[in-house]
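Please keep the sequence and the structure in view while reading.

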2 protein chains.
Amino acid sequence: MTAPAPEQTVSPADIARARVAVGDVARQTPVLPSQTLSDVTGAAVVLKAENLQRTGSFKIRGALAKLAALGERCARGVTAGSAGNHAWACAQAARSRGVRCEVFMPVEAPLSKVEGCRALGAHVHMGGASVDECVAHARAHAEEAGMAFVHPFDDPDVIAGQGTLGLELLDDVPDLAKIVVPVGGGGLSSGVAIAVKSARPDVEVVGVQVDSVAAFPESLRRGEPVGMESSLTIADGIAVKRPGDLTLRLVRQWLDDVVVVPEDDVAEAIVLCMEKAKLVVEGAGAVGVAALLGGQTPAAATGTTCVILSGGNVDAGLLATVARRHETEAGRRLVFFTRVPDRPGSLARLLSLVGETGANLIHVEHLREGIDLHVRETAVQITLETRGREHADEVLRCVRDAGYVPDLVGG
Amino acid sequence: MTAPAPEQTVSPADIARARVAVGDVARQTPVLPSQTLSDVTGAAVVLKAENLQRTGSFKIRGALAKLAALGERCARGVTAGSAGNHAWACAQAARSRGVRCEVFMPVEAPLSKVEGCRALGAHVHMGGASVDECVAHARAHAEEAGMAFVHPFDDPDVIAGQGTLGLELLDDVPDLAKIVVPVGGGGLSSGVAIAVKSARPDVEVVGVQVDSVAAFPESLRRGEPVGMESSLTIADGIAVKRPGDLTLRLVRQWLDDVVVVPEDDVAEAIVLCMEKAKLVVEGAGAVGVAALLGGQTPAAATGTTCVILSGGNVDAGLLATVARRHETEAGRRLVFFTRVPDRPGSLARLLSLVGETGANLIHVEHLREGIDLHVRETAVQITLETRGREHADEVLRCVRDAGYVPDLVGG
């Protein structure tokens, strides 16, 4: 009979060692003051811009730490399964250390990430219907081929690597009072909490999940990992269906709280990061901003609150979509529908009227079918760019004053 | 007879003094390595992320330096004329120093900037058909009211303030070999060149203008400021129609070259900054990136090349537009037109076919008029999101194999 294995854990010494291991490849990302979040919360708020990290997310820290811990045990290479950030980070870390890397990515992985991995010399296996399936393939392949498997979060070496971000906060934010950190598998949040609270137990660490895939709150209540249904979310980087055994234990032990933000608020947080902080942040990376804005967790009353922007890997297409939606909500994009007499010159008259208000015409569409119109009427849907809510209201007023009856569309 | 006034100039000592004056309000913005630009140029390229500056651009440096130089002479307040960054910077600087500020902004100024100035306590005069008119109003109002006028660039104190950015580069980039800097009025570029080349004459400094409003090359050739026609440009922050007398002299004396990039390349540079560097940069701020990508100026063969991202004040709407256009160009947005038999189920069959390829349907439009169609045919325009060029080609192949004849729209 053998004694049970001692419980795995992660110590401050592990994180200090990891810092040496990641130091020359990972960047010490900047901490930037946020005037907007400070104004909104009435407190001092700074952003840890980990979206500016190599490969665009914190994952490179864990991958480098794992490779260092493996040492000779990864002589035949490493495998990973992931749709994005973790695969990319492993590919970069392996290249930096001259180690072979094979990644398993799902069919729907963005081509940009697949090509990013290939450009770093990784062998990419496409296929697998889900990330879970890819992780299983990666694990099986490692076993067969005598390679080392790198788990995205439930691994003490990976967690120690992510914790190095916490050490940078201790250095760069002297009056650190609170940390707001995204939670997916729990590797980043637990690593950071261990690094920071071991030195400064008074610092509060609050994790944030998105409501569409929030497995931690229920898992913490039950004391064991609870699996969730998969769900589409703008915060796909933290859409982890089941906490790890190790990370759940560490999150329970070290974090003060895990809160949940609504999906829609994440899109607005992405836009705020773009417009105000001038930073491109992916959905998963922006949940902390959403939580401060939405009040799911307050900023610290004294001292500095640091929001970790954990990654910035987001396609231009998604940015375009959230930016466009925001424009509409802010009144800078005005879409209305109105009837006009079906006579030559009617539309031109309406459009000149609109033009005189200074609004910029984006699109006009004639609608004739499925609408209750007099035979002498036609209907148009007009899309305008305005200078904001006030200006949009003024445009509508002018249109009404001229006898039209505009109906707002999607506003 | 009085002797002619000595020629104005800006010395390294002026810039050192300005650094003290701006130090507590302006941020020392980070210098970030750019893997993408380094890969493209085969050289070491870093980005000076001045888009992360307070008020979103370098202008705060010059405004603070001017206020310090004015001292008691701005006791009755300052005025400025600008459509954006300079007005905002003056409002912030004046607020920080407890000085009254009045800004003159053109009618078409973005509401976000108008409100930004108001939120900082500035009195905003709307009106003026152009920036030039606003500058004239600001100057006249300063004279009447006994206030001090702050020119956006043609002023030695303002130039010294902008030069403080150069001192940060000397500190942060030990092997600095070349600087690529946007040129509008010439305040930033000449200030930075004086700061850097006074200490390190071997560092090359190249200015960049956008072809739609590039007054410097001709002015440098003729040896006197030459005025340009006003023109719409995505780089509106550097759309200065006429160089200043002082800045033209300093640019001529201190810069190695001023190159010009095409308008379209600026939009692609904005997207590259978003997608790769995770930074939101306005058009004027991205011209240096465009110049390195387009080869208008090469990166230094040895040592580090630093591209100054001078500002990040850009509306979400414009970001959405450039991102969307980029998606189309990268094949991630596919728009095609095809005829389908005008029978129940025809469109459904085409859409299932497309769906099976994994492309995401964004929009379908029926087109019946103005197209040469058989009476039994209808035409549709289909907008899809794909995983990239290769995937888009595969979608088109499938559509063709099924007997349709797709015509690309705007591709």
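Across the interface of chain B and chain A, 0 salt bridges are found, a salt bridge being a side-chain nitrogen of Lys or Arg within 4 Å of a carboxyl oxygen of Asp or Glu. The model is a predicted one, in which local features need pLDDT of at least 70, side-chain atom pairs count only at pLDDT 80 or more, and totals for chains, interfaces and linings use all residues. Residues are numbered from 1 along each chain as its sequence is written, chains are lettered from A and ligands numbered from 1 in the order in which they are written, and side-chain values use heavy atoms, with hydrogens and water left out.

**The interface**

Polar contacts are present between the chains: 17 residue pairs, both at pLDDT 80 or more, are counted between chain B and chain A. A polar contact is a pair of N or O atoms within 3.5 Å; within protein, one must be able to donate a hydrogen and the other to accept it, and residues adjacent in sequence count only if both atoms are side-chain atoms. The side of chain B that touches chain A draws at least two residues from each of β1 (31-33), α5 (111-119), α11 (263-275) and α13 (316-329) of chain B. Of these, α13(B) gives the most, with 9 residues. Helices (H or I, at least four residues) and strands (E, at least two) are DSSP runs, numbered from the N terminus.

In total, 39 residues of chain B are in contact (heavy atoms within 4.5 Å) with 39 residues of chain A.

**A parallel sheet in chain B**

Chain B has an open sheet of 4 strands in the order β5-β4-β3-β6, with parallel pairing. Two strands pair if DSSP finds at least two bridges between them. The edge strands are β5 (123-126) and β6 (148-149) of chain B, each pairing on one side only. Helix α4 (residues 85-96) of chain B packs on the sheet and touches β3 and β4 (101-105) of chain B. Within β6(B), Phe149(B) is the bridge partner of Thr79(B).

**Strand pairs**

| Strands | Sense | Bridges |
|---|---|---|
| β3 (residues 78-81) of chain B and β6(B) | parallel | 2 bridges |
| β11 (residues 333-341) and β13 (residues 377-385) of chain A | antiparallel | 9 bridges |
| β12 (residues 360-367) of chain A and β13(A) | antiparallel | 7 bridges |

In chain A, Thr338(A) stands opposite Val380(A) in β13(A), and Asn360(A) has Glu385(A) of β13(A) as its bridge partner.

Methods. Axes are lines fitted to C-alpha atoms, for helices over the stretch in contact, and angles run from 0 to 180 degrees between N-to-C directions.
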